[in-house]
Amino acid sequence: MMREIHTRFGRENIGFLWVIGEPILFCSGVAIMWTAIRPPHEHGLPITAIVITGYVPLTMWRHSIQRSVKAYEANGSLLFHRQVTPLDIIVARWALEVLGTLMAGLLVGSGAILGGYMKPPLHWGILYAGLGFHAMFCLATALIFAALTEMSETVEKIVGIATYLSLPFSGAFSMVAWLPQKDRWAMLCAPSVENMEMIREGQFGSTAHPIYDINYDFWATLTLLLIGIYLTLRVRRHIVVQ
C-alpha cells in the first residue's frame with residue numbers, strides 16, 4: 001500500500017493526501033452541482049443527501065475497478081518476491097480506494113451537515129452494514145476485472161464503457177421505491193442497489209421506503225467474491241512482466 005501511494009502520488013505537492021483529495025473533488029463537485037440545479041427535495045428526501053449517499057459508494061466502486069484494470073501488468077515485477085501474490089496487489093489498491101473514498105465521504109457529508117443541507121444519519125448500524133457490503137462488492141468486482149483484463153484485451157477496452165452504461169442500474173441517483181412495481185426486480189438483481197438501499201435507510205430511516213434483501217445481498221456478494229478469488233488464483237500464467 002505504501003508503494004502504491006508513492007508511485008501514484010509521489011512526494012510533491014500534497015502527496016498521499018490526494019488519496020482523499022481526489023474523491024473529495026468528485027463527490028463535492030457533483031453534490032454542489034445537483035444541489036444548485038435540482039429542486040431541494042425529491043420524493044420527499046433532500047437532494048444533497050441523496051447525491052452524497054449515492055455518489056460516494058459509486059465513486060468507491062468505479063475507482064476500485066479503474067485501479068484494477070491491468071494492475072498486474074503495472075505491478076508484475078513485485079511478483080518476483082515470493083511473499084507477494086496477485087491477490088495482494090488488488091487488495092492493496094482496493095483498500096486505498098475504499099479508505100480514501102470513505103474519508104472523502106465523511107468530510108463532504110460533514111460539510112453538508114454543518115451547512116444545513118442534510119441531517120446526520122438516523123441509523124448508524126444499517127449505514128455501516130451497507131458500506132461494508134458495498135466494500136466487499138467493490139473487492140469482488142475488482143478481483144474479477146483485474147483477472148479478466150489481464151486475460152483479454154477486449155475486456156480491457158470495454159470495461160470503461162461498461163461502467164458508464166451501468167450507472168442507471170447502480171442505484172446511485174434513484175431508489176427502488178421510485179420505480180414501477182414491475183421493474184423493481186431488475187434493479188434488485190444488482191448487489192450495489194441493495195447496498196445503496198441499506199445506506200439510504202441508515203441515512204433517512206424508514207421514510208425513504210428502502211427495499212432490499214440482506215440474505216440475497218450476502219450470497220450474491222459472496223458468490224462474486226469466490227469467482228474473483230478463483231480467477232485471481234489462475235491469472236498468474238497470463239501475467240507478462242516487462
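**Salt bridges**

I began with Asp-183 and Lys-182, whose side chains meet in a salt bridge at 3.4 Å, N to O. I count a salt bridge when a side-chain nitrogen of Lys or Arg lies within 4 Å of a carboxyl oxygen of Asp or Glu. This is a predicted model, where local features need pLDDT of at least 70 and side-chain atom pairs count only at pLDDT 80 or more, while totals for chains, interfaces and linings use all residues. Residues are numbered from 1 along each chain as its sequence is written, and side-chain values use heavy atoms, with hydrogens and water left out.

I then checked accessibility, calling a residue buried under 20% relative accessible area, exposed over 50% and partly exposed in between (1.4 Å probe, protein chains only). Lys-182 is exposed at 63%, and Asp-183 is partly exposed at 33%.

How many salt bridges does the structure hold? I found three. One of them joins Glu-42 to Arg-38, with the closest N and O atoms 2.7 Å apart. Glu-42 counts as buried at 17% relative accessibility, and Arg-38 as partly exposed at 31%.

Glu-156 also forms a salt bridge, with Lys-70, and here the closest N and O atoms are 4.0 Å apart. Glu-156 lies in helix α7 and Lys-70 in the loop between α3 and α4 (71-75), so this pair ties together parts that are 86 residues apart in sequence. Lys-70 is buried at 16%, whereas Glu-156 is partly exposed at 26%.

**Helix α7**

Helices here are DSSP runs (H or I, at least four residues) and strands likewise (E, at least two), numbered from the N terminus. I looked at α7 (residues 153-165) next: at 1.5 Å a residue its 13 residues should span 18 Å, and the end C-alpha atoms are 19 Å apart, which agrees. The expected span is 1.5 Å times one less than the number of residues.

Where does α7 bend? I found a bend of about 40 degrees at Val-159, taken as the angle between axes fitted to the seven residues ending there and the seven starting there. Val-159 is also one of the buried residues of α7, along with Val-155 and Thr-163. These buried residues pack against α3 (47-68) and α6 (124-151).

Glu-197 sits in helix α9 (residues 191-204). I noted that Glu-197 is buried yet has no salt bridge; Arg-200, the nearest side chain of opposite charge, is 5.3 Å away. For charge, Lys and Arg count as positive and Asp and Glu as negative, with His and the chain ends not counted. Helix α9 is mostly covered, with 14 of its 14 residues buried.

Asp-217, in helix α10 (residues 214-234), is buried without a salt bridge too, and its nearest side chain of opposite charge, Arg-200, is 13 Å away. Leaving out residues up to four places away in sequence, Asp-217 touches Phe-133, Pro-191, Glu-194, Asn-195 and Met-198; contact means heavy atoms within 4.5 Å.

**Positive phi**

Last, I looked at backbone angles. His-209, in the loop between α9 and α10, has a positive phi of about 55 degrees although it is not a glycine. His-209 is exposed at 54%, and it is among the residues in contact with Glu-197. Just after α9, Gly-205 takes a positive phi of about 85 degrees.
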